[in-house]
Amino acid sequence: MTDPYASRTLVHEQHLDGFGTVRVLPLDPAADAAVVHRWVSEERAAFWGMNGLTEHQVADVYAHMDTLDTHHAFLVVRDAEPVALFQTYDPAADRVSECYDIEPGDIGVHLLLAPAGPGGPRPGWTAALSGALMAYVLLGLDRTRIVVDPDVDNDKAIARFLKQGFTAGPRVVLPEVDLPDVYLPEKKAQLAFLRREVAFAG
């Protein structure tokens, strides 16, 4: 099978025995719009906040993000298959900064996994993929703590983070953002944190 992502610039590459090679590529808003739109339009992705957007609107959202120095989007590829949408951000430049005490070295992340393929759920898949992404963020970017802010009703995501070693923080209300280029409704979120020494103990 040819690899349509072979020529793309990558920021992280990691081979995981029994899983494959994980590559983290800066998102191309135009080239990746179709696959991202397909993922964010599914009912299971309602918490991502893009249900109902057209492919063009999704591309516009990420084209705008591409102009920012504080927020970054990535396509995660396993071998030649896109498997996740990953975003990082500087909490100090995000509405979450109003809801907790930021520490030097903090970085925020959002992760949307691709739907399971025809074979159904794959045990260990999420843990393997998340491990590679944590290595990129905490080691590759030299950050000391990850913060996540899943919706309080997103039980699946919260459970996944806690299983991965995150510590639950407070439940907060992220304020509405209403700017010319971006609108985010108020969000009730469960904060959770993962320190580098916990993720990579020893």
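User: Which residues are linked in a network of salt bridges?

Analyst: This is a predicted model. In it, Glu103, Asp106, Arg145 and Arg195 are linked in a network of salt bridges.

User: What does Arg195 pair with, and how far apart are the closest N and O atoms?

Analyst: Arg195 forms a salt bridge with Glu103, and the closest N and O atoms are 2.9 Å apart. Arg195 lies in strand E10 (residues 187–195) and Glu103 in the loop between strands E4 (81–89) and E5, so the pair ties together parts 92 residues apart in sequence.

User: Buried or exposed, for Arg145 and Asp106?

Analyst: Both Arg145 and Asp106 are buried, that is, under 20% relative accessible area.

User: How many salt bridges in the whole structure?

Analyst: A search of the whole structure finds nine. One of them joins Asp142 and Arg196, whose side chains meet at 2.8 Å, N to O. Asp142 is in the loop between H3 and E6 and Arg196 in helix H5 (residues 196–199), so parts 54 residues apart in sequence are tied together by this pair.

User: How accessible are Asp142 and Arg196?

Analyst: Asp142 is exposed, at 55% relative accessible area, while Arg196 is partly exposed, at 24%.

User: Changing topic. How many cavities of 30 Å³ or more are there?

Analyst: The count comes to one cavity of that size. About 100 Å³ of space lies in the largest cavity.

User: What lines the largest cavity?

Analyst: The lining is made up of Phe86, Val109, Leu111, Ser130, Leu133, Met134, Val137, Ile146, Phe161, Gln164 and Phe166. By type, nine of the lining residues are nonpolar, two are polar and none is charged.

User: Which element gives the most to that lining?

Analyst: H3 does, with four residues. Strand E5 (106–113) and helix H3 (125–140) each supply at least two residues of the lining.

Note on methods:
Residues are numbered from 1 along each chain as its sequence is written. This is a predicted model: local features need pLDDT of at least 70, side-chain atom pairs count only at pLDDT 80 or more; totals for chains, interfaces and linings use all residues. Side-chain values use heavy atoms; hydrogens and water are left out. On a 1 Å grid over the protein atoms alone, a cavity is a set of points where a 1.4 Å probe fits but cannot get out, and a pocket is an open set with protein on both sides within 12 Å along at least five of seven lines; lining residues have an atom within 4 Å of a point. Grid points are joined across faces, edges and corners, and a volume is the space filled by probe spheres set on the points. Ala, Val, Leu, Ile, Met, Phe, Trp, Tyr, Cys and Pro count as nonpolar, Asp, Glu, Lys and Arg as charged, and the others, Gly among them, as polar. A salt bridge is a side-chain nitrogen of Lys or Arg within 4 Å of a carboxyl oxygen of Asp or Glu. Buried means under 20% relative accessible area, exposed over 50%, partly exposed in between (1.4 Å probe, protein chains only).
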